[in-house]
Every structure is written in C-alpha cells, then in structure tokens.
Amino acid sequence: ASDILSHYSSASETTSVLEEGTGGEQVDEQTAQEETEDKLKQCIDNLMDKSAKTRLAALESLRQAFSSRVLYDFLTERRLTVSDCLERSLKKGSGEEQAAAATVFALLCIQLEGGDEAEEGFKILRPVLTAILNDNSASIVARQSCARALGMCCYVSAAEEGESLALLESIFMSSYPNREGTLPTPKPGSPGLHGAALQAWSLLVTLCPASRMAVLLDLHLPKLQACLQSNDVNYRIAVGETIALLVELGRDINEEFEVDDSESLCECLKGLATDGNKHRAKNDRRKQRSIFREVLHYIENEDFTEEKIRFGVESVYIDSWVRRRIYDAFKEILESGVRHHLQFNPLLRDIFGLGPPIILDPTIKGNKISRFEKHLFNSAAFKARTKQRNKVRDKRADVM
C-alpha cells in the first residue's frame, strides 16, 4: 500500500513541477503508469492467496488506491475478476476480511461511476452482503461494513432501493421502543450496527418519491424521537441527524409540514444541546451539543449551518441535510480521498452538480463567476439531478 501511494505522490509532484515549468527531470509517464498498474495487478492476484494475512494486506492496498485515485479505465477491464475475489472473501473470510471486502466493493462501485458495470456487480454481490447483514452470528464490524456498502452501492448504481430500505429498516428498528415505550437493552456492539444501518437507510431515503416519503415519515419520526434517549452518543447523533433529514424532506413535499408533538421534540433536543452530564466523555459532550444545536435550529427555524468544502480551485456547498447526508456517506468510505474524487470522479461531480472535471491551463485566464453564482448553480444542478433519479426509479417501480 505504501509503495503504491508513495508512487502516486511522487508522480503527481513530478507532474505539477512539469506543469509549472520550474524544470526537473523528464519522467516517462507511460512507464510510471505501467509500474503502478503492475502493482495493482499484484494486489488483485494476492486476493486469491491462501494466506489470510496476504489477502488482508491486498484488500488494504486496494482500499487506499481506490480511495486516493480515479482508476476507471484500469478497473473496467478487471471488474469481474475483482468482484469474484471480493465475493470469495465475503463468503469465506474472517470478520475482518469480510469488513474490508465490503468496503473495497463499495469503492469499486464508486470507481465504476455507478454505471451499468456497477449495477451488474451489485446484483451479484447484493445477496452476499444481505446474508452477512442478516446473520446475527456474524462479526459486528463485518455487518456494519455490509450495511454501509449496501446503502452506497444501491445509491450509486441506481438500483431499485425498496428491498435495501426494508432490510436496513429491519436492522435499526430493533432499537425502537416496545409497546410500553421502553427502549430495549442494547447488545454489545449493536448501537454501532444500528447507527450504520440507519445512516445507510437515510442515504437511500433521499431518493424516495413523495408518495413513499409520507408513509416513512409517519412510521419513523415518532419512534426515532424516542431513540434520542439511547445511551450511545454516536447512535443518538445518527438519530438526531436522521430526524432533521426526514423533517427537511417532509417540508420539501409540503411547506406546511409539521412534526407531531414538536414541543416535546424541541425540549428533548434542547436538553441534548446543553447536556453537561459529567459521566459522558468531554469530547462526546462537545460533539453532541454541536450537532443537536444544529438540529434544534433547523426544526425551530429551518436554519441550516452551511459548510463549504474546498478542493483544488473549486468548492462545494453543503447547504441542506440531504446534501450533508450524501457528502458524509461518500466521506465515510473515501475518507481523505473524497476531495480528490470531487475534483476528478465524474460520478461525484455529477451528484454534486459540478460539471465535467476542470482542466487548468495557466496560460488562459477566463472570467471568474462569483462564489454566490457558483453556489446557486451547484444547488440547482443537485436538486435537478435528484429529481431525475427519482423519476427513473419511479418508472422502474411501476414496471415491477
């Protein structure tokens, strides 16, 4: 992994030096590209090694390579081989290997730009991911990774999301209160699994048509409000963000949408936004207060704290709970490579309304549009794309 990434780094530094015209040794880019591909081919071969340690190392190398660079041409030719190897790791590997394989598969779908190739691979591996997620005896880490992979792969491949929504619901709804209104005692590791399933579910909810949203809002908002009392800080935060997301989607459908018993919800949010419980870790308290202040402000005033993500010479604005959920989902899988993919991956640029990748030519100075104009354009493109994806899914659902 370190060899591959150091090679990428040195290659990009050399390229930038050449582009800036500051001199330096001439590099045979074709040779450099071939060396990189040879290393990646070796990693793919190692996925079939008998040694679990070797397979895990190969998965980690591929995870780093897939998240840090766009490799569409290389992977299009080898997608079936990689998918077969990942399927084998998911079926026969340890919990750690299953978790790594699920993450690499999600990255593969992102690399394939969510096209027909990604959808084809998802149809093959979806049953395996589903089986692990449903298996109570499987590793919690593997089940969490499979939940995230199901959500992301379904989202980018434009597959019909109904089946995945139902599966993810069945996982996190086990955290809902019983008929007496009492929250169940969580099993070890279950809050993390419930949180991963809830976040994957909320990503797919952003694609649901209005007709389905009304049912989901009625079913889940009251139950999620009760889950704000969970003892796990990360699950509480995931629940709070999901509530804000659902309210935002409800208001998009109907401007007069209101949460049932909103006073009780706001009181609960205020308590979490000012929580000074000394039994909680200091960082947990700080993180919780920050998130729940934002959720409370949005529920009360429809006020969202906008965030600006910079990459290269561009920026993307996170100006809604829907946009934040989508960005956070990609960031969770791509990690530090999310900015590189925003800059060069056509899939992410399409999702966030950024247009084709920008090729910089220092000899040409074009007229720059204002930041506000760029922000308005990106937001409009993002909403238009979401509506178009929903129409496509509606048509598929009608056919089915």
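This is a predicted model: local features need pLDDT of at least 70, side-chain atom pairs count only at pLDDT 80 or more; totals for chains, interfaces and linings use all residues.
Let's start with the whole protein. Its secondary structure comes to 18 helices and 2 strands. Of the 400 residues, 49% are buried. If you take the contacts between residues at least 6 apart in sequence, 71% of them join residues at least 24 apart. As for the surface, the protein exposes about 20,300 Å², and carbon and sulfur atoms supply 49% of that area.

Now zoom in on α10, which runs over residues 190–205. This helix has 16 residues, and the distance from its first C-alpha to its last is 22 Å, close to the 22 Å expected at 1.5 Å a residue. Is α10 enclosed or open? Have a look at burial. Of its 16 residues, 15 are buried, so α10 is largely enclosed by the rest of the structure.

The crossing of the two is left-handed.

Which residues of α10 and α11 meet? From α10 come Leu198, Trp201 and Val205, and from α11 come Met213, Leu216, His220 and Leu224. The spacing is worth a thought: an α-helix has 3.6 residues a turn, so residues three or four places apart point the same way.

As a rule, most residues other than glycine have a negative phi. Asp261 is not a glycine, yet its phi is positive, at about 55°. You'll find Asp261 in the loop between α12 (233–253) and α13 (262–273). With a relative accessible area of 52%, Asp261 is exposed, because the cut-off for that label is over 50%.

Glu335 is another residue other than glycine with a positive phi, near 55°. Glu335 sits in the loop between α15 (321–334) and α16 (338–344). What about its accessibility? Glu335 has a relative accessibility of 43%, so it counts as partly exposed.

Terms used: Residues are numbered from 1 along each chain as its sequence is written. Side-chain values use heavy atoms; hydrogens and water are left out. Helices (H or I, at least four residues) and strands (E, at least two) are DSSP runs, numbered from the N terminus. The expected span of a helix is 1.5 Å times one less than its number of residues. Buried means under 20% relative accessible area, exposed over 50%, partly exposed in between (1.4 Å probe, protein chains only). Contact means heavy atoms within 4.5 Å. Accessible areas come from the Shrake-Rupley method with a 1.4 Å probe; for residues, only the protein chains shown count as cover. A crossing is left-handed if the near helix is turned anticlockwise from the far one by less than a right angle, and right-handed if clockwise.
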